[in-house]
Amino acid sequence: MDPSFVQGLHSLLVQSTSNDTVQLKAATAQLNREYYKNPACIPALTSIIASSPDQAVRQLAAVEMRKRVSQSSGDQWLQLPQDEREQIKAKLPELVVSEQSNLVRHSTARVIAAIAYIELPMNSWNQLLPFLEQTCQSPTAIHREVGVYILYTVLETIVEGFENHLPSFFKLFAVLLNDPESAEVRITTVRALGVIAQYIDSDDKQAIKQFQDLLPGMITTIGQCVEAGNETGARQLFDVLETLLILEIPLLGQHIPQLVQFLLQCGSNRGFEDDLRVLSLNALNWTVQYKKSKVQAHGLAPAILEGLMPISTEPEPEDLDDDAPSRSALRIIDCLATSLPPTQVFPALRTLIQQYFTSPDANYRRGAMLALGVSVEGCSEFMTPLMPQVWPLIEVGLNDPDATVRKASCVAVSCLCEWLEEECASRHTVLVPTLMQLVNDPVTQRSACTSLDAVLEILGDKIEAYLPLIMERLVGLLETAPIAVKSVVIGAIGSAAHASHEKFLPYFQPTMERFKHFLVLRGEGEEQELRGITMDAVGTFAEAIGKDHFRPYFGDMMQQAFEGIQMGSARLRECSFLFFSVMSRVFEDEFAPYLPNVVPALIQSCKQHEHGEEGFTVSTSEASINFASGSSPANAITVTDDANGSIELEDVDVDKMLDVNSTICIEKEIAADTIGTIFAATRQHFLPYVEQSTIELIALLPHYYDGIRKSAVDSLLEIIRTFYDLSNPEEWQPGSVPSVPLQPQVQSLISHIWAPLLEMYETEDNKKVVSALCVGLAETVNKIGPAFLEGRVDELGTIATQILDQKAICQQDPDQDENDEAPEDQAEYDSMLISAAGDLVAAIASALGPDFAGAFPRYFPLIAKYYKKSRSLSDRSSAIGCLSEIIAGIKFAVTPMTQPLLELFFRALSDDDAEVQCNSAFAIGLLIEHSEVDLSAHYLNVLAALRPLFVITEDGPTARFNARDNAVGAVARIIVKNTAAVPLDQVLPVFFDALPLKHDHLENTAVFNTIFHLFRTNPPVLQPYMDRLLAIIAYVMDPNNPEQIQSDTRAQLIELIQILNREDPNKVQAAGLGIWVASA
């Protein structure tokens, strides 16, 4: 080795450790130019690690040596003569054991791992493992630390090929987990086990058992780190725990109850540092999320909630971005509510909420309100019948003497409004005045405005009584409130416009005048947020008042939106894209001139890097997933820099990277969604951009962020539907063979999109994305018909059957035996997925028509199993609804399935819930209408089962009115099917008394078909009801009422009015129907 080469390299490394930027750049350039391209730098760096007196230089030499060894798949290393490589391999283990600096030891260990990655597969370093095993068992603690760390780094780098060594590794690790002297040995052992876990084969029962035997020791080590306040070690070990939780091999299954108890104890111990408690609680959150079947099977939710509620009472930090044990506890309550069946969560939580809310301690009352709020998302359906007991708590909370409780109650109201719209809108007489009072109080102003925003969003026509007061109060706050409060005030004004529609017009121009100052703000932080929210509100105004009134502002507002794109803010770009989406819907063709500027901005957003810097790329999609989730897997993430090969993750500002990452992901999600919306709105004007948009959206389907995948799916399917519409298609007819072929361009577009969509589904693990795919596919099948199914019907059917059978990837639970039935009691989000799959089956049936009959017996048990009393309302309702839609699609071909369907619908008619009764009434009416089996013998039983649905009080829930309307439709179908079998003298009084329909206007077709049928076949039976009938006709024909009947029904009614006028013109005139006589 040339001593001058070593000396020159050493001098430059010394210069590289200088704080002088100029010296550092010069040294780096010279090193890259004169040394690092020469393989001789590797033995030279080894010599420097061995001999330099400067620890920083030895450390840098080790880091650079690892890079040179790893570069270009080990090319430089393999260029070295064999004898030099052997000398280095012999020397490095000695150096790492004798090195005094922990940092240098770790960096040198990574050099050994890099060399092992190249040499071990060639069986050319057989001395390494015996050396490591010997070092790990040394009587000297520091040697054991070095040995296990090298073993850990080697395992990180290359595990495959070590399968034969697993038994000896497990035996060694069992000893090291109980190292009596060194916490570092124990911690590194757990990290090494985390790496090994990722390579255990699911069929290797012995290895799984050996690993599980070590779990108690691993958990003990985590506890020791937390107790000792060792945050670095705790973070590393919680990362290992998350890796174990997300693995498909059920390594943790039998230990979940103990793990939950351990994490809850750590998280609730106020003697520990808050950061460490948060780590423990986050790990508990992962446990609920990833091991929910075990949490559910062991019934752990009540105990978890009992442990979390005291934590929720702890102080919250002022900054919304800061974490704290209380926030972590509420996140877990949210996760329990959305992951587990509400029956396991809400009853226990409700008891705790009531208990805490009666506490004299305001912190307990605040915790109760926040816990209620976060639980709504996953338990809304279950909570609905319990709301009469919940509202008194909310009302008391909003008037609590403590401001923190009042603010927490506002949060709860906001959550309730999002998930229980009808329930909250019915409480407007209490909520609106109370929130307006809280808006006046500076302490509760911001929370109250946010809550008021949520209430106004769902208020609809009921806002009219409050609008003047609301606008006066909110507009006043725009002058006096702090910027942060102004943002939520503007959001509330936008919601007021949304609810009031054209009644907002008197306030529109003055409000725009006040808003104009906010639309030109250029500062960051709060100013940026205020500008963005103002743009959102202006978009809402346009939708509320219509394009004619908004047109004078259209051009200026589009210019402001374009300026927002140029300001370098992901948040403002997101707001601009949302604004474009709204403007395209409002102005349609008039939006077309802006497309040349809008679409490139959307495409650019879809293509951008999440981290915002072109120079850096995360090397694997798994790493990206972990960035998004805030996790860090046991295997090292490599971040590459094109100029210098690779750099250590420690050198990257991960927090900054994650922050940029999440905001840009949301921007891209909105951009992807906006593309589909704008195409649907601008139609043929968008055609020049379809190809590029489709390419970019397909590229987003494998993205690690589920929101982006969902938006890409939605827009791609919207593109298909709109492109199909633009082809001027003929109306399709049901059948397995398309009666109308697709145009070649449409067929080509579908083919390009379908394959990547199917590929995405086959690996998709997010239920919301799969739900969106099913709903979008159902809409597309309904739009395009059999031509979309051609060549794809089996694949579409597989998607639906896998989900209904709970065998889709997104429904898999590694801790559940493949042969086990999925539990009937499931989370509400799981029910949404089942409902979406039912929509897809119904769409396929509609497109195939009678040709679906052969497949129906296969689908029927998969759907019918969701109608059981033990199932949730959503499951029961969607099962009956799906079957009714199938009958509507296949019509007479339902005949072979008549008996099982009739039995099921009879059971469902006696369901306790009006929503299920509603679907059952519709379904049984369709079955009687279309089946060729004579069901007249069952008519009296069916009519008796339908009769209770006609009894309803004026203040009854909407679902009861819908059920009555569907019962009317069912009776109508029965009468038409076999009039002679119906006791008309008993049925018609009840029938006419329920008319006109006020909720489900689609059933008007069946109702008036029956009336026309009776006029044709038996007019005398209608004579006693003539006055009532004329009033009903006047109601549905009134142009001031919303459209209630289809055009063919309207034409027949006009014809009927002419006939009745000839018989009794006075009655027709008195009913206000003369206009239809005159128009004939």
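Mentor: Glu318, Asp319, Asp321 and Asp322 form a negative surface patch. Keep in mind that this is a predicted model, where local features need pLDDT of at least 70, side-chain atom pairs count only at pLDDT 80 or more, and totals for chains, interfaces and linings use all residues. Residues are numbered from 1 along each chain as its sequence is written, and side-chain values use heavy atoms, leaving out hydrogens and water.

Trainee: Why is Glu318 called exposed?

Mentor: Exposed means over 50% relative accessible area, buried under 20%, and partly exposed in between (1.4 Å probe, protein chains only). Glu318 has 78% relative accessibility, so the exposed label applies. Glu318 sits in the loop between helix 16 (301-312) and helix 17 (325-339). Helices here are DSSP runs of H or I with at least four residues, numbered from the N terminus.

Trainee: What makes Lys516 and Glu513 a salt bridge?

Mentor: The rule asks for a side-chain nitrogen of Lys or Arg within 4 Å of a carboxyl oxygen of Asp or Glu. For Lys516 and Glu513 the N to O distance is 2.4 Å, so the pair meets the rule. Lys516 is partly exposed because its relative accessibility is 42%, and Glu513 gets that label at 45%. By this rule, the count comes to 48 salt bridges.

Trainee: How do you know that Asp765 and Arg709 tie together parts apart in sequence?

Mentor: Their side chains meet in a salt bridge at 4.0 Å, N to O. Asp765 is in the loop between helix 36 (744-763) and helix 37 (767-784) and Arg709 is in helix 35 (residues 706-726), so the pair ties together parts 56 residues apart in sequence. Asp765 is exposed, with a relative accessible area of 55%, but Arg709 counts as buried at 8%.

Trainee: Why is Phe579 called buried?

Mentor: Phe579, in helix 30 (residues 570-587), has 1% relative accessibility, so it counts as buried.

Trainee: What is Phi of Ser73, and is Ser73 buried or exposed?

Mentor: Phi of Ser73 is near 55°, a positive value in a residue other than glycine. Ser73 lies in helix 4 (residues 55-79) and is exposed, because its relative accessible area is 71%. Asn728 also has a positive phi, near 50°, and lies in the loop between helix 35 and helix 36. At 69% relative accessibility, Asn728 counts as exposed.

Trainee: Which residues does a cis peptide bond join?

Mentor: Leu995 and Pro996, with omega about 0°. Pro996 is in the loop between helix 47 (984-993) and helix 48 (1004-1017).

Key. Patches are made of residues with over 30% relative accessible area and no salt bridge: like charges are joined within 9 Å, nonpolar side chains (Val, Leu, Ile, Met, Phe, Trp, Tyr) within 5 Å. Accessible areas come from the Shrake-Rupley method with a 1.4 Å probe; for residues, only the protein chains shown count as cover. Lys and Arg count as positive and Asp and Glu as negative; His and the chain ends are not counted. The place of a charge is taken as NZ of Lys, CZ of Arg, CG of Asp or CD of Glu. Helices (H or I, at least four residues) and strands (E, at least two) are DSSP runs, numbered from the N terminus.
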